[in-house]
Amino acid sequence: MSSKKYKVGVIGATGMVGQRFLLLLENHPQFEVACLAASASSADKKYKDAVKKWHLAEPMPAKFADIKVMDAAADMKTIAKSVDFCFCAVNMPKDDIKELETSYAKLECPIVSNNSAHRFTDDVPMIIPEINAEHLLVINAQRKRLGTKRGFVAVKSNCSLQSYVPLLHPLKKFGIVSAAVCTYQAISGAGKTFETMPEILDNVIPYIGGEEEKSEKEPLKIWGEIVNGKIVPAAAPVITAQCVRVPVSDGHTAACFVKFEKKPAKEEILKAWADFYGEPQTLKLPSAPAKFIHYFEEDNRPQPKLDRYTENGMAVCAGRLREDNLFDYKFIGFSHNTLRGAAGGAVLLAELLAAKGYFD
């Protein structure tokens, strides 16, 4: 791990994911928050006054409370000059996010984004650090397109993917033909709490806008390859998804079914999960879980309430692996959606970018 320190901006600092970023960055060994930015309505206020509601159980870090919030759009040039890179977690229309992030990149300010706007831009890497770190190489082509030396956009994938794609990935060597997944997604994925989403109590909502398309298509980009400066998505496996909002505060659960070209033994799958690690573990990045995949033998695990903070919420949990009548196997996956799935995943991506010299 590099000992170099980097000055960081958080764009969209007042929202739920922005708040989670600040908790993760409060005592980070490499990243020091140098500026906070949000919409014009929050600009020029102290952070503690700009935050309409603090959504998280942990208190607002005192060190950020009196920082003056800047206007993410109007103060862009000032922000870009004052930091080494920015995290972005804004709540805006997709086209506006795309324009904002590209504008920062063109000002030579790298953007590590939690947003979906650039996920299918073919020279923007969409990274799960343990799985496709090699996709960072496409940044060279993106910089050429943007006309930048330092500036670029890198994104993390959708939060629900973290509950099943990391579990499918080590099994690709057995030839995955198809997979079906139903995700049971926490309300914090919509930026909500039980107080702000009373309609979820005693209820399940069987629709989350755009989520099923992301769940089916994003894994193929993650498993794609770089060809002529563009990431070409993988052609297979076929994934079908259903996404459901459930009355859980934090943590997305996935019921996953998988069919193989050559069916492995159950012991082979468990070994593939137990042995799997990626560059974050090799590089010992500060936010990386020591063990990426945790398998539970108990029939009633993993559970959001019991397992969401496994390895500080950065591990992926699995359980109930068993043979299936229609597919070959089925299992349950689980991950913390605002830690591994959102802010924590973005911080880990930034640590990987720093280790590879992309902010220098």
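The following questions and answers walk through a predicted model.

Reader: Happy to look at this with you; what should I know about the model and its numbering before we start?
Author: In this predicted model, local features need pLDDT of at least 70 and side-chain atom pairs count only at pLDDT 80 or more, while totals for chains, interfaces and linings use all residues. Side-chain values use heavy atoms, with hydrogens and water left out, and residues are numbered from 1 along each chain as its sequence is written.

Reader: Thanks! Which residues of helix α6 are buried?
Author: Helices (H or I, at least four residues) and strands (E, at least two) are DSSP runs numbered from the N terminus, and α6 covers residues 139-146. Buried means under 20% relative accessible area, with exposed over 50% and partly exposed in between (1.4 Å probe, protein chains only). The buried residues of α6 are Ile 139, Gln 142, Arg 143 and Leu 146.

Reader: Which elements do the buried residues of α6 pack against?
Author: Contact means heavy atoms within 4.5 Å. The buried residues of α6 pack against α5 (94-106), β7 (153-156) and α12 (339-355).

Reader: Which residue of β4 is the bridge partner of Val 8?
Author: Two strands pair if DSSP finds at least two bridges between them. Strand β1 (residues 6-11) and β4 pair in the parallel sense over four bridges. In β4, the partner of Val 8 is Phe 85.

Reader: What is the strand order in the open sheet of six strands?
Author: The edge strands are β11 (238-245) and β13 (293-296), each pairing on one side only. Pairing in this sheet is mixed, and the order is β11-β8-β12-β15-β14-β13.

Reader: Where is Ala 186, and what is its relative accessible area?
Author: Ala 186 sits in the loop between β8 and α8. Beyond its neighbours within four places in sequence, its contacts include Arg 245, Val 246 and Asn 337. Gly 251 is 65 residues away along the chain, yet the two C-alpha atoms are separated by 5.6 Å. Ala 186 is buried, with a relative accessible area of 0%.

Reader: For my own interests, what is the volume of the largest pocket?
Author: On a 1 Å grid over the protein atoms alone, a pocket is an open set with protein on both sides within 12 Å along at least five of seven lines, and lining residues have an atom within 4 Å of a point. Grid points are joined across faces, edges and corners, and a volume is the space filled by probe spheres set on the points. This pocket is lined by 50 residues, with Ala 89, Val 90, Asn 91, Met 92 and Asn 115 nearest its centre. Its volume is about 1,200 Å³.

Reader: Which helix supplies the largest share of that lining?
Author: α1 (16-25), α5, α8 (211-222) and α12 each supply at least two residues of the lining. The largest share, four residues, comes from α1.

Note on methods:
1 Å grid on protein atoms, 1.4 Å probe; cavity = no way out; pocket = protein on both sides within 12 Å on 5 of 7 lines; lining within 4 Å.
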